[in-house]
Amino acid sequence: MFQLLTYLEDIVSAGVVVLVLCLVICPRAAAVSVSNCDSPGPAPFQNGSSGHAVRIADGLLVYLLPQPSEPCQAVPAGSHVRLNLQTGAREVKLQYEDKFRNNLKRSKKGKRLDINTDAYTSEDLKSALAKLKDGAEMESSKEDKARQAEVKRLFRPIEELKKDFAELNVVIETDMQIMVRLINKFNSSSSSLEEKIAALFDLEYYVHQMDNAQDLFSFGGLQVVINGLNSTEPLVKEYAAFVLGAAFSSNPRVQVEAIEGGALQKLLVILATEQPLATKKKVLFALCSLLRHFPYAQQQFLKLGGLQVLRSLVQEKGMEVLAVRVVTLLYDLVTEKMFAEEEAELTRETSPEKLQQYRQVHLLPGLQEQGWCAITASLLALPEHDAREKVLQTLGALLATCRDHYRQDAQLSRTLASLQAEYQALAALELQDGEEEGYFQELLGSINSFLQGLR
């Protein structure tokens with residue numbers, strides 16, 4: 001019997017009994033729907049008829065096909081079919097036997113959960129999800145309570161600390177309270193000059209923080225400091241400008257309030273009148289902080305004759321140290337506008353209102369009209385390397401506007417030739433010391449680039 005079964009299987013594998021199978025099994029194209037079961041029982045087929053799925057000893061699943069008296073059943077193309085001579089049943093071997101072997105192995109490892117989907121309604125599922133959410137919230141609430149308990153264990157409430165410090169005659173103040181106290185001290189007519197200067201000096205420390213600077217104008221302290229620029233005492237002007245410069249830096253809200261409070265006009269008046277060098281330094285610092293990244297302030301600066309004020313300041317005797325700072329400010333304003341316009345064209349991220357304000361800042365024509373091409377070129381003769389570097393940067397920024405003047409300036413040509421020879425020697429020494437990208441090599445590169453642009 002075993003030899004006969006083996007012989008029949010070989011014939012089927014070789015495809016010899018195709019004609020016999022066609023007579024036994026109806027040729028349909030529909031595929032068999034496979035079910036992986038744990039015990040023998042009816043397994044539905046796609047066309048509605050039924051067969052019986054059983055487990056063979058080697059772990060494979062096969063279907064017992066309907067008998068001749070039962071309706072015909074389609075099987076997948078290429079399936080392995082055999083006739084069991086012991087039982088008389090026709091059997092089809094599943095094509096994806098490896099897949100089902102793995103499924104059978106996994107099913108042996110754990111008990112499968114038979115879920116009856118009709119046993120749960122949508123309301124039951126909603127209730128279960130609500131309980132799950134409530135449970136998560138309870139866990140989160142427990143964690144929050146535990147965290148709060150830990151914080152209370154490590155730290156004491158501010159009220160208790162104030163009470164303890166009050167007993168020790170120590171007063172705890174917030175930054176806001178400190179600034180209010182300092183402004184009142186500065187604005188008091190009974191305060192001495194030293195006390196006012198000390199109040200401004202301490203106030204400058206606090207307004208470096210953006211929030212504190214905004215709080216300063218929220219309670220009116222900013223206007224008090226701006227009015228301090230009208231003082232007849234140079235020290236009060238100096239330290240008031242010092243506070244304002246710190247408050248203006250990268251703080252648009254404070255910058256707007258300062259423009260509305262008349263700070264720009266007061267700063268320009270101090271720079272245009274005779275004042276100590278230390279006072280003008282702080283005032284120039286406040287002016288730079290007010291103008292940077294604020295195109296509306298730059299417009300007002302040009303309308304109020306700011307370029308003329310700066311030109312007089314640079315040409316004033318004894319103010320050479322301020323010349324480099326002025327040139328640096330002009331370079332920053334020129335490049336800031338240039339970058340804003342380029343960014344708007346490339347990324348479209350700049351606001352239309354701000355871009356329109358930048359386009360109304362006619363800085364380059366004003367520089368050319370006020371003679372800044374010649375003024376900037378003359379500053380290249382300064383002896384400090386750092387000053388020369390900043391002047392070269394500004395010359396490069398003004399090259400498109402001042403090219404004709406630079407080409408006709410014989411003194412500028414001689415200065416550039418002298419600096420080129422000087423920095424070539426210094427750059428060679430850097431190379432001998434093993435510095436491939438030294439400071440003097442960068443300066444030499446700036447000079448060469450500027451000369452190349454003049455041609």
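A nonpolar core is a set of buried Ala, Val, Leu, Ile, Met, Phe, Trp, Tyr and Cys residues joined through side-chain atoms within 4.5 Å, where buried means under 20% relative accessible area with a 1.4 Å probe, protein chains only. What you're looking at is a predicted model, in which local features need pLDDT of at least 70 and side-chain atom pairs count only at pLDDT 80 or more, while totals for chains, interfaces and linings use all residues. Residues are numbered from 1 along each chain as its sequence is written, and side-chain values use heavy atoms, leaving out hydrogens and water.

Let's start with the whole chain. It has 23 helices and 5 strands, which are DSSP runs numbered from the N terminus (helices H or I, at least four residues; strands E, at least two). Of its 455 residues, 36% count as buried.

Now for the inside. The largest nonpolar core has 91 residues, and Leu-203, Val-207, Leu-287, Leu-310, Trp-372 and Tyr-406 touch the most other members. Helix 16 (residues 320-347) gives the most to this core, with 9 residues. Take Leu-287: leaving aside residues up to four places away in sequence, Leu-287 touches Leu-264, Leu-267, Leu-268, Leu-271, Phe-301 and Leu-310, a contact being heavy atoms within 4.5 Å.

The axes of helix 7 (residues 193-207) and helix 8 (residues 210-218) come within 7 Å and cross at roughly 125°, so the two are oblique to each other (angles under 35 degrees are roughly parallel, over 145 roughly antiparallel, 65 to 115 roughly perpendicular and the rest oblique). Helix 7 brings Leu-203, Tyr-206 and Val-207 to the contact, and helix 8 brings Asn-212, Ala-213 and Leu-216.

How values were computed: Axes fitted to C-alpha atoms, helices over the stretch in contact; angles between N-to-C directions. Buried < 20%, exposed > 50% of the residue type's maximum accessible area, 1.4 Å probe, protein only.
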